[in-house]
Amino acid sequence: MKVIALEGPSYAGKSTAIAHLRQQGIEDRAFVSDCYVDHITPGQDIPPVRTASAAAQLAAFETFMSIEGVRVRRALASAKPVVLLDRSVDTLLTHAHALDALFGFDVHHQLRDRLQQLPFLRPDHTLYLDVPAELLSLRRKAAGHTAAESDYFLHEPGFLDQTRDYFVSETHQLVSRKVTVLAADATPPEVAHRVEALITSWKR
């Protein structure tokens, strides 16, 4: 089983690219799993993106890793040769790294240790959508989400800088075996084409 993950900041286009792939019939050949928050059941609290303490950050990790366990079981049950993820465990570690840097929680190393005790999907190849803050803001505004939530922590400069550095600087130990950074102007069809190309290369 080969695992592909799409990563990048909120509004980078990950879910849109996956929707395009679904329209092209990707689920005939691959198990596709949506982003962690899309697995939260109605009535269940979604952990805040800006946790207030180290304990809250650890609790959020456990919540999302319970979802990761479901992803693992469903991927194995599908028996499909390829798994496509909208975000992977690298998202969880990257988020913790950013909050450590911004607020001094010092939990990232604890989460890496805890990860080894839990089932998870390790991406063979991650495609990181490297979209600048200005374009992210425009996309969020176009989606009509700025009025309801004017302050959006996931687009704050410090958070974006820390998370981007984690994926693109090559100084951090990612779970993914390989990361390819895609330019900001990569359209959903182009991202989908890169996914298809990876799947084709693995069949050879």
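## Salt bridges in the structure

How many salt bridges does a search of the whole structure find? The search finds eight salt bridges. The model examined here is a predicted one. Side chains of opposite charge can pair when their charged atoms come close.

## A pair within helix 2

Glu68 and Arg71 form a salt bridge through their side chains, with an N to O distance of 3.3 Å. Both residues belong to helix 2, where they are three residues apart, so about one helical turn separates them.

## Pairs between separate parts of the chain

A salt bridge joins Asp124 to Arg177, and their closest N and O atoms lie 3.1 Å apart. This pair links distant parts of the chain, 53 residues apart: Asp124 is in the loop between helix 4 (108–115) and strand 4, while Arg177 is in the loop between helix 6 and strand 5 (179–182). Asp124 has a relative accessibility of 14% and so counts as buried.

Arg164 and Asp130 meet through their side chains in a further salt bridge, at 2.8 Å from N to O. Because Arg164 is in helix 6 and Asp130 is in the loop between strand 4 and helix 5, the pair ties together parts that are 34 residues apart in sequence. Asp130 is buried, with a relative accessible area of 17%, whereas Arg164 counts as partly exposed at 39% relative accessibility.

## A salt-bridge network

Which residues are linked in a network of salt bridges? The network consists of Arg22, Glu27 and Asp34.

## The largest pocket

The largest pocket holds about 1000 Å³ of space. Its lining comprises 45 residues, and those nearest the centre of the pocket are Ser10, Cys35, Arg87, Tyr152 and Leu154. Two or more lining residues come from each of these elements: helix 1 (14–23), helix 2 (54–78), helix 3 (89–103), strand 4 (125–129), helix 5 (133–142), helix 6 (157–168) and helix 7 (188–203).

Conventions. Residues are numbered from 1 along each chain as its sequence is written. This is a predicted model: local features need pLDDT of at least 70, side-chain atom pairs count only at pLDDT 80 or more; totals for chains, interfaces and linings use all residues. Side-chain values use heavy atoms; hydrogens and water are left out. On a 1 Å grid over the protein atoms alone, a cavity is a set of points where a 1.4 Å probe fits but cannot get out, and a pocket is an open set with protein on both sides within 12 Å along at least five of seven lines; lining residues have an atom within 4 Å of a point. Grid points are joined across faces, edges and corners, and a volume is the space filled by probe spheres set on the points. Helices (H or I, at least four residues) and strands (E, at least two) are DSSP runs, numbered from the N terminus. A salt bridge is a side-chain nitrogen of Lys or Arg within 4 Å of a carboxyl oxygen of Asp or Glu. Buried means under 20% relative accessible area, exposed over 50%, partly exposed in between (1.4 Å probe, protein chains only).
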